[in-house]
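Please read each point with the structure in view.

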Amino acid sequence: MTAASLRVAVIGAGAWGLNHVRVVASEHESVLVAVVDPDPIVEGRVRAIASGVQFLRDADQVFASDAIDAVVIASPASSHAALACAALRANKHVLIEKPLAMNLRDATTIVAAARERRKVAMVGHLMVHHPAVVRLRELLHSGALGTLHYLHSTRVNLGRIRSDENALWSFGPHDLSMIDFLLERTPSTVSARGQCVLQPGVEDVVFLTLRYSTGETAHIHLSWLSPRKERRLTLVCSQKMVEFDDVATDKLRIFDKGYDRPQRFTEYGQYLTLRDGDVHIPQLPMQEPLRVQWQHFVRCIRDGATPTTDLQSAVRVISVLEAAQRSLAQDGVPMDVQVSDLA
Ligand SMILES: NC(=O)c1ccc[n+]([C@@H]2O[C@H](COP(=O)([O-])OP(=O)(O)OC[C@H]3O[C@@H](n4cnc5c(N)ncnc54)[C@H](O)[C@@H]3O)[C@@H](O)[C@H]2O)c1
């Protein structure tokens, strides 16, 4: 800890918030001052990670304190909007876990509060800070892969079942933020079909299709009712194909595979030739994405920079989620994605 350390409170220290507690407490440029959680059981778990921290039951105590510069909001999604707006109005920088909010109206209220207070406000779109995703973006934008035809993302496992959000809102922000970061454009339509198996009205499994005005499609499979944990994103491009597998040791594989169209051919069957070449596994830095995300947040505050995962990117993701939710209600009818002025 230095004199210039950022003084931080983590609000919500459940299954995921404890990871923020660990990261914030262990970084040199931040000091964990307080953790807020209304559940008293959480205190022991927090103290096992950060023994000297203040444990509070109500976030208002943090907002009223001049001894806190920034907050991480890792409480349930339905509480994000109110807590984020209160934090911003109390002049705190905020890192808000995904999803930013449960609807576009609440998301835009947070954007307005951040603009008014001129504080750094960032969404926890963790995948955008993943070294494999950063490399994938460089590859795509360098032209080395050719042009993108389509992509396919799978995020499935068994549990954790939530009742306050469905698999779309719980898992979807990861894939949608990654795709937004890679493609730098918003889909024009989205269709979604799903199934509520375990609880009425809460989809455990959702299949999404995004269509872009530029011709590409993105397909996403989300489920917490599936036998194996899979976290895989496949990009099929005209020159190469790439697979990002986040549960594998080698996270990124670049396949020199595809079809070529030779300029000359003598027989009908030769007008497309199969290319089945080498597989390249690039070396990636071994960095925990949550730590990279935190360091990015601290740097943005220190340098007055705009985060890569700023609120505008979060609003784009919420726009797609809202359109997908409308489509789910109509069993897959494609819905236009409304692009907000704030996105
Ligand atoms: N980025 C990721 O990879 C990732 C992974 C898991 C969860 N998340 C997100 O993190 C958030 C929390 O998820 P979780 O799995 O830890 O949920 P959780 O239910 O395990 O924990 C939430 C905690 O917040 C506390 N809480 C509730 N209301 C509060 C309030 N007003 N103020 C302070 N604390 C409050 C609860 O007591 C609980 O301890 C969600 O938005 C979730 O989507 C992100």
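Does leucine 225 count as buried, partly exposed or exposed, and at what relative accessibility? The first point takes up this question; the model under discussion is a predicted one.

1. Leucine 225 counts as partly exposed, because its relative accessibility is 36%, a value between the 20% and 50% limits of that class. The residue is placed in strand 11, which covers residues 225-237.

2. Leucine 328, in helix 9 (residues 311-329), is buried, with a relative accessible area of 9%. Apart from neighbours within four places in sequence, leucine 328 is in contact with Asn166, Leu168, Ala192, Arg193, Gly194, Glu203 and Val206. Its C-alpha atom is separated by 20 Å from that of valine 315, 13 residues away along the chain.

3. Helix 6 (residues 131-142) and helix 7 (residues 167-183) have axes that come within 9 Å and cross at roughly 35°. The crossing of helix 6 past helix 7 is right-handed. Helix 6 contributes Val133, Val134, Leu136, Arg137, Leu140 and His141 to the contact, while helix 7 contributes Met178, Phe181, Leu182 and Leu183.

4. The structure holds 22 salt bridges. One of them joins aspartate 250 and arginine 253, whose closest N and O atoms are 3.8 Å apart. Aspartate 250 counts as partly exposed at 34% relative accessibility, as does arginine 253 at 32%.

5. A further salt bridge is formed by aspartate 276 and lysine 257, with the closest N and O atoms 2.9 Å apart. Aspartate 276 lies in strand 14 (residues 273-280) and lysine 257 in strand 13 (residues 252-260), so this pair ties together parts 19 residues apart in sequence. Aspartate 276 counts as exposed, at 55% relative accessibility, whereas lysine 257 is partly exposed, at 28%.

6. Finally, a network of salt bridges links Arg22, Glu27, Glu288 and Arg291.

Methods: Residues numbered from 1 in each chain as written. Predicted model: local features only at pLDDT ≥ 70, side-chain atom pairs only at ≥ 80, totals over all residues. Heavy atoms only, no water. Helix = DSSP H or I, 4+ residues; strand = E, 2+ residues; numbered from the N terminus. Buried < 20%, exposed > 50% of the residue type's maximum accessible area, 1.4 Å probe, protein only. Axes fitted to C-alpha atoms, helices over the stretch in contact; angles between N-to-C directions. Left-handed = near helix turned anticlockwise from the far one by under 90°. Contact = heavy atoms within 4.5 Å. Salt bridge = Lys/Arg side-chain N within 4 Å of Asp/Glu carboxyl O.
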